[in-house]
Amino acid sequence: MAQRLHLVFGGELVDPTKNTFKNVEDIHLVGIYPSYEAAYDAWKAEAQRTVDNAHMRYFIAHLHRLREDGTEAAPSDQPG
């Protein structure tokens, strides 16, 4: 079975109705998790920790979807 890695990250948004970070350098990388369930638990903990700040948002990125086995690499994935 292929690994299904998930990245949990978040930060302060410019506008709570958009997905644009106020400062990309301040993005909080929570971690990479081997299952959606583990990623969801980490996401939920961070979301609850920052619930008082309406501009803070955390996201789960499905890393395994970025590059599936058997898929040819995009030009931007090629080494320099």
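# Sheet, helix and three residues

Pro34 is in contact with Arg4 and Leu5, leaving aside its neighbours within four places in sequence; contact here means heavy atoms within 4.5 Å. Pro34 belongs to the loop between β2 and α1, and Pro34 counts as exposed, since its relative accessibility is 60%. A residue is called buried under 20% relative accessible area, exposed over 50%, and partly exposed in between, with a 1.4 Å probe and protein chains only.

The model is predicted, so local features need pLDDT of at least 70 and side-chain atom pairs count only at pLDDT 80 or more, whereas totals for chains, interfaces and linings use all residues. Residues are numbered from 1 along each chain as its sequence is written, and side-chain values use heavy atoms, with hydrogens and water left out.

## Chain

The chain has 1 helix and 3 strands. Along the sequence these elements follow the pattern β-β-α-β. Helices (H or I, at least four residues) and strands (E, at least two) are DSSP runs, numbered from the N terminus. Of the 80 residues in the chain, 21% are buried. Among contacts between residues at least 6 apart in sequence, 59% join residues that are at least 24 apart. The accessible surface of the chain is about 6200 Å², and carbon and sulfur atoms account for 52% of this area. Accessible areas come from the Shrake-Rupley method with a 1.4 Å probe; for residues, only the protein chains shown count as cover.

## Sheet

The 3 strands form an open sheet in the order β2-β1-β3, and the pairing is antiparallel. Its edge strands are β2 (28–33) and β3 (56–62), each of which pairs on one side only. On average, neighbouring strands of this sheet are turned by 15° against each other, direction ignored. Two strands pair if DSSP finds at least two bridges between them.

Strand β1 (residues 6–12) is joined to β3 by 7 bridges, and these two strands run antiparallel. Along this pairing, Gly11 stands opposite Arg57 in β3, and His6 has His62 in β3 as its bridge partner. On the β2 side, β1 pairs over 5 bridges, in the antiparallel sense. There, Val8 of the sheet has Gly31 in β2 as its bridge partner. Strand β1 is mostly covered, with 6 of its 7 residues buried.

## Helix

The 14 residues of α1 should span 20 Å at 1.5 Å a residue, and the end C-alpha atoms are 20 Å apart, so the two values agree. The expected span is 1.5 Å times one less than the number of residues in the helix.

In α1, Ala39, Ala42 and Glu46 are buried. They lie on the same side of α1, because they cover an arc of only 65° around the axis; the arc is that of the directions from the helix axis to the C-beta atoms. An α-helix has 3.6 residues a turn, so residues three or four places apart point the same way. The cover over the buried residues of α1 includes β1, β2 and β3. Turned away from the buried side of α1 is a face that carries the exposed residues Glu37, Asp41 and Gln48.

## Residues

Arg57 has its place in strand β3 and is partly exposed, with a relative accessible area of 31%. Not counting residues up to four places away in sequence, Arg57 touches Phe9, Gly10, Gly11, Leu13 and Pro16. One of these, Gly11, is the residue that stands opposite Arg57.

Glu37 lies in helix α1. Its relative accessibility is 53%, and Glu37 therefore counts as exposed.

The table gives sequence separations and C-alpha distances for selected pairs.

| Pair | Apart in sequence | C-alpha to C-alpha |
|---|---|---|
| Arg57 and Trp43 | 14 residues | 9.5 Å |
| Glu37 and His6 | 31 residues | 9.5 Å |
| Pro34 and Leu5 | 29 residues | 4.8 Å |

Leu5 is also one of the residues in contact with Pro34, and His6 in the table is the bridge partner of His62 in β3.

Conventions: Axes are lines fitted to C-alpha atoms, for helices over the stretch in contact, and angles run from 0 to 180 degrees between N-to-C directions.
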